[in-house]
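Subject: Handover of a structure

Dear colleague,

I am writing to hand over the structure shown below, together with an account of what was found in it. I would be grateful if you could read the notes with the structure open beside them.

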Amino acid sequence: TWSSDIPTATNAGEYTVYYKVLGDDNHGDFVAEDGIVVTVAKANATLTTAPVAAQNLVYNGEALNLVVNGVAANGTLLYKLDDGEWTEQLPTATNAGSYSISYKVVAIDEANYNGIEQQSLTVVVAKATNEITSLSLEGWTYGETAKTPVATAKFGTPSFTYGTSADGDFVEAVPTNAGTYFVKATVAATANYDGAEKTAEFKIARSNATLTNMPA
């Protein structure tokens, strides 16, 4: 409908505005009908706060957030871990290693806003330092059943070997003769944590000789 009001539009797009000038009782038509094309460009979604790689991540056996979340305006922030699927959830990882994180912003109204193209971050989860926090082995008397070592490691399950010196060779065989010995608890290194070992001293006491028959 023709009107003397200036035409308006809200949404992005291409519009054709027609105009003409009509004469009055004293004037003829001044401008014949014509048109101009007007474009309302899409606005851009923005990152109010860009995502950043989480710092000082160290393996602890639990899932770790790899990114400090960003904030998007007029769009939805999406993440992708390595070659995974896009999701709004923060990417996480448990194992030590280097991870590639991609993010992008998808416009909430694609007819009126442009999104933000994919960008990438590299995030590192460091290998953990391991430690055997406790080790003990209760001694026993020669001829008795050997006791079992008790050890606790920060990561991993310790295995045990035995030796006659704290700095000497250790073997898997449990000693049987009376004497002073050392037990070593060992956890092998993995991709997630370092190896660890600890030694402790224990004793096998002499047993008492017995008389099965008293002399007459």
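To begin with the strands: in what order do the 4 strands of the open sheet that includes β6 lie? The order is β6-β14-β12-β10, and the pairing in this sheet is mixed. Its edge strands are β6 and β10, the latter covering residues 75-81, and each of these pairs on one side only. Between β6 and β14, which spans residues 116-126, there are 2 bridges, and these two strands run parallel. For a point of reference, L57 has V125 of β14 as its bridge partner.

Please bear in mind throughout that this is a predicted model.

Overall form

The protein contains 20 strands and 0 helices. Its C-alpha atoms occupy a box of roughly 160 × 30 × 20 Å along the principal axes. The radius of gyration is 39 Å, whereas a compact globule of 216 residues would have one near 17 Å. Of the 216 residues, 26% count as buried. The exposed surface comes to about 14,500 Å², of which carbon and sulfur atoms supply 47%. Among contacts with a separation of 6 or more, 52% are between residues 24 or more positions apart.

H27 and Y59 are 32 residues apart in sequence, yet their C-alpha atoms are 86 Å apart in space. H27 lies in the loop between β1 (13-21) and β2 (31-40). Its relative accessible area is 53%, so H27 counts as exposed.

A second sheet

Another open sheet is also made of 4 strands with mixed pairing, in the order β16-β20-β19-β18. Here β16 (140-141) and β18 stand at the edges; each has a single partner strand, so one side of each has no neighbour in the sheet. Within this sheet, β19 (residues 179-187) and β20 (residues 196-205) are joined by 9 bridges in the antiparallel sense. G179, for example, has I204 in β20 as its bridge partner.

Aromatic rings and charges

The count of aromatic pairs comes to 6. One of them is formed by Y59 and F155, whose rings are tilted at 50 degrees between the planes, with 5.4 Å from centre to centre. This pair links distant parts of the chain, as its two residues are 96 residues apart. Y59 belongs to the loop between β6 (57-58) and β7 (64-65), and F155 to the loop between β17 (150-153) and β18 (159-163).

Elsewhere, W140, Y162, Y181 and F202 are linked into a cluster by ring pairs. Two lysines are also placed over aromatic rings. K20 lies over the face of W2, at 4.4 Å from the ring centre. Likewise, the charged end of K104 sits over the ring of W86, 4.4 Å from its centre.

Backbone and local contacts

Most residues other than glycine have a negative phi. N74, which is not a glycine, has a positive phi of about 60 degrees. N74 is located in the loop between β9 (71-73) and β10, and it counts as partly exposed at 31% relative accessibility. D82 likewise has a positive phi, near 50 degrees, and is a residue other than glycine. The loop that holds D82 runs between β10 and β11 (92-93). With a relative accessible area of 36%, D82 is partly exposed.

Finally, S134 is part of strand β15 (residues 132-136). Which residues does S134 touch, leaving aside those up to four places away in sequence? They are V150, A151, T152 and K198. S134 and T152 are 18 residues apart along the chain, and 5.3 Å separates their C-alpha atoms. S134 is partly exposed, with a relative accessible area of 30%.

With kind regards

Conventions:
Residues are numbered from 1 along each chain as its sequence is written. This is a predicted model: local features need pLDDT of at least 70, side-chain atom pairs count only at pLDDT 80 or more; totals for chains, interfaces and linings use all residues. Side-chain values use heavy atoms; hydrogens and water are left out. Rings of Phe, Tyr and Trp (its six-membered ring) pair if their centres lie within 6.5 Å; planes under 30 degrees apart count as stacked, over 60 as edge-to-face and the rest as tilted. A charge sits over a ring if NZ of Lys or CZ of Arg is within 6 Å of the ring centre and within 35 degrees of the ring normal. The radius of gyration is taken over C-alpha atoms; the globule rule is 2.2 Å times the number of residues to the power 0.38. Buried means under 20% relative accessible area, exposed over 50%, partly exposed in between (1.4 Å probe, protein chains only). Contact means heavy atoms within 4.5 Å. Accessible areas come from the Shrake-Rupley method with a 1.4 Å probe; for residues, only the protein chains shown count as cover. Two strands pair if DSSP finds at least two bridges between them.
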